[in-house]
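Visitor: I would like to learn how to read some features of a model like this one. Could we take them one at a time?

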Amino acid sequence: MPKQRRRSLREAVFSCSSPVCDGSGRGGGGGRTRNFSSTEICDDQTQMAEQYSGQAGFLCDGKPGRGCLVPQVTITSDGDSREITEEDLEEEVNGRLRRKLSNSSISSNGSSTAFDESEDDILSDNETKSKGIVTLEHLGDSVDSGEQSNAWWKLKTIVHCPLVATQRRRLSWVQLAGHKGSFKAGDEGSILKKFSENEKLCFERLREDTLHSFVPSYYGMVERDGELFLKMKDLLANFDLPNVMDCKMGVRTYLEEELVRARVKPKLREDLYNKMMEVDSEAPTAEEKKQQAVTKPRYMQWRESLSSTNTLGFRIEGIKRGETCNTDFKKTQSKEDVIQVFKDFVEGKKNIINSYITRLEDIKQALKASEFFKKHEVIGSSLLFIHDHKERAEVWLIDFGKTTPLPEGEKLDHYRPWEEGNREDGYLWGLDNLQQTLSLLAGE
Ligand SMILES: Nc1ncnc2c1ncn2[C@@H]1O[C@H](COP(=O)(O)OP(=O)(O)OP(=O)(O)O)[C@@H](O)[C@H]1O
Ligand SMILES: O=P(O)(O)O[C@@H]1[C@H](O)[C@H](O)[C@@H](OP(=O)(O)O)[C@H](OP(=O)(O)O)[C@H]1O
């Protein structure tokens, strides 16, 4: 985005005229052993030496998302409105939010890239952030990830190597969504996620909550190479080459704060424009094409309307099945399409579907009983589905980077339609739809 173009932005117009919902492993050390240590700041303050070897205007019809007019931030390049000052921004944002989130939990944009391409990054990415990143242990051969024409990427090295159990487990670790460089391997059975103050607070609160048995165990903060991470249970650790699916929950994937910021101080993003163009070159408006950029809420709303987020209250972010991964579900929108994706994911196995259905019901009961859930807006959080050839199947709640507390005394029911200011997320509505979807599949 050329600087002068950014600077020429004068006015952010809030408009609600647009109906969005239509109802409808890379190389390197196969057997290589690398030892390094890290200092861990666990809750009990025990210092541990860790050894790693081996390696707007809203008119809804009663349901959130359906028939809604979603608030838009429209950027106009002309106009004589005054310059937006930092004070304006603070005033606007502070008026709506009790506390600010750390930058890393709001957007990856300003986050450190210190670990990108790092030698020590044993769980490394094969593409940049935001496209649903597959992360695998380095191996002798490369991961066949460059085939953009083929949605399913083959992880071809896995089966050819004589591997001990720990190595097999590590090789089956996969990051199906999120930001590049977010994860590192922890010691046995754990992973490290880039620190976010907000997510840390959520993990701490969740320890005392009825939801704790549906959330990866949290082991405290860890410092590695001068950076902070949250250490948590690796949910894949006890599975044998698991199949994994990430479903992002809710009717909305951005914070109200992001909307406010974009309105008060619009930031045009060329990267998001490019991602939009890759999927649908007709999607950007004439103005956006001229600017070659879009705001983040605009991009996020477009993603929500294209996928099943608006229509079903959840969307599939990525899948690893056998040796292949697919993160190209941006246009998977209809119930029928979602059913088909689940059917392929479980390879038609009824036992697995039934285990998932049971687990989702347990999750729903825990959510309904949860004090944490009542008092938090849950945005961008996922359900991680995991099963293996032994037909063991689990579902876990992950990613609390954008899960934020409500003001004292306020509660959400997670069903009501979202209107800006009410902070509803449609999580339970989405979960109902997810359960219905799986039940339809079970009944086929
Ligand atoms: N505890 C865990 N155990 C195993 N895999 C995990 C765990 N947590 C996350 N993952 C994997 O990493 C991926 C990204 O996780 P997460 O959503 O927490 O990252 P993020 O960078 O916050 O993502 P986003 O940018 O979507 O908010 C998940 O899709 C999943 O594949
Ligand atoms: O899935 P896509 O199409 O790749 O789009 C990304 C996705 O919506 C992420 O959830 C979001 O990060 P946050 O959830 O942290 O906001 C990221 O924003 P970012 O580019 O600002 O990191 C988007 O680019």
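Visitor: Which residue in E10 does Lys194 stand opposite?

Guide: Bear in mind that this is a predicted model. Lys194 stands opposite Phe229 in E10.

Visitor: Which strand is joined to E8 by three bridges?

Guide: Strand E7 (residues 183-185), again in the antiparallel sense. Here Lys184 has Leu192 of E8 as its bridge partner. The hairpin of E7 and E8 has four residues between the strands, and Gly189 takes a positive phi near 75° there.

Visitor: How many residues of strand E11 are buried?

Guide: Seven of the seven, in residues 243-249. Asn243, Met245, Cys247 and Met249 point one way, and Val244, Asp246 and Lys248 point the other way.

Visitor: Which strands are joined to E11 by six bridges?

Guide: One is strand E15 (residues 382-387), which runs antiparallel to E11. In that pairing Lys248 has Ser382 as its partner. Strand E12 (residues 314-321) is also joined to E11 by six bridges and runs antiparallel to it. There the partner of Asp246 is Gly318.

Visitor: How many disulfides are there?

Guide: The idea first: a disulfide is a covalent bond between the sulfur atoms of two cysteines. In this model the count is zero.

Visitor: Next, helices. What span should helix H12 have?

Guide: H12 (residues 350-369) has 20 residues, and at 1.5 Å a residue these should span 28 Å. The C-alpha atoms at its ends are 29 Å apart, which agrees.

Visitor: Where on H12 do the buried residues fall?

Guide: The general point is that an α-helix has 3.6 residues a turn, so residues three or four places apart point the same way. In H12 the buried residues are Ile352, Ile353, Tyr356, Arg359, Leu360, Ile363, Lys364, Ala366 and Leu367. Seen down the helix axis, they fall within an arc of 165°, so they line one face of H12.

Visitor: What do the buried residues of H12 pack against?

Guide: Their partners are helix H11 (335-345), helix H13 (371-374), E15, strand E16 (393-398) and helix H14 (427-442).

Visitor: Which residues have the most contacts inside the largest nonpolar core?

Guide: Phe342, Leu383, Phe385 and Leu397, in a core of 61 residues. The largest share of this core, seven residues, comes from H12. Apart from it lies another core, of 12 residues, which includes Leu259, Leu272, Tyr273 and Leu306.

Visitor: What is Leu383 in contact with?

Guide: Leaving aside neighbours within four places in sequence, the contacts of Leu383 include Met245, Cys247, Leu360, Ile363, Trp396, Leu397 and Leu431.

Visitor: Is helix H6 enclosed or open to the outside?

Guide: Eight of the nine residues of H6 (residues 256-264) are buried, so the helix is largely enclosed by the rest of the structure. Among the buried ones are Glu256, Glu257, Glu258 and Arg263, along with Leu259 and Val260.

Visitor: Last, backbone angles. Which residue other than glycine has a phi near 65°?

Guide: Glu391, and the value is positive. Glu391 lies in the loop between E15 and E16, and is partly exposed, with a relative accessible area of 29%. Gln292 also has a positive phi, of about 55°, although it is not a glycine. The place of Gln292 is the loop between helix H8 (286-291) and helix H9 (296-306), and Gln292 is partly exposed at 38%.

Terms used: Residues are numbered from 1 along each chain as its sequence is written. Chains are lettered from A and ligands numbered from 1 in the order in which they are written. This is a predicted model: local features need pLDDT of at least 70, side-chain atom pairs count only at pLDDT 80 or more; totals for chains, interfaces and linings use all residues. Side-chain values use heavy atoms; hydrogens and water are left out. Buried means under 20% relative accessible area, exposed over 50%, partly exposed in between (1.4 Å probe, protein chains only). Helices (H or I, at least four residues) and strands (E, at least two) are DSSP runs, numbered from the N terminus. Two strands pair if DSSP finds at least two bridges between them. The expected span of a helix is 1.5 Å times one less than its number of residues. The arc is that of the directions from the helix axis to the C-beta atoms. Contact means heavy atoms within 4.5 Å. A nonpolar core is a set of buried Ala, Val, Leu, Ile, Met, Phe, Trp, Tyr and Cys residues joined through side-chain atoms within 4.5 Å. A disulfide is a pair of cysteine sulfur atoms within 2.5 Å.
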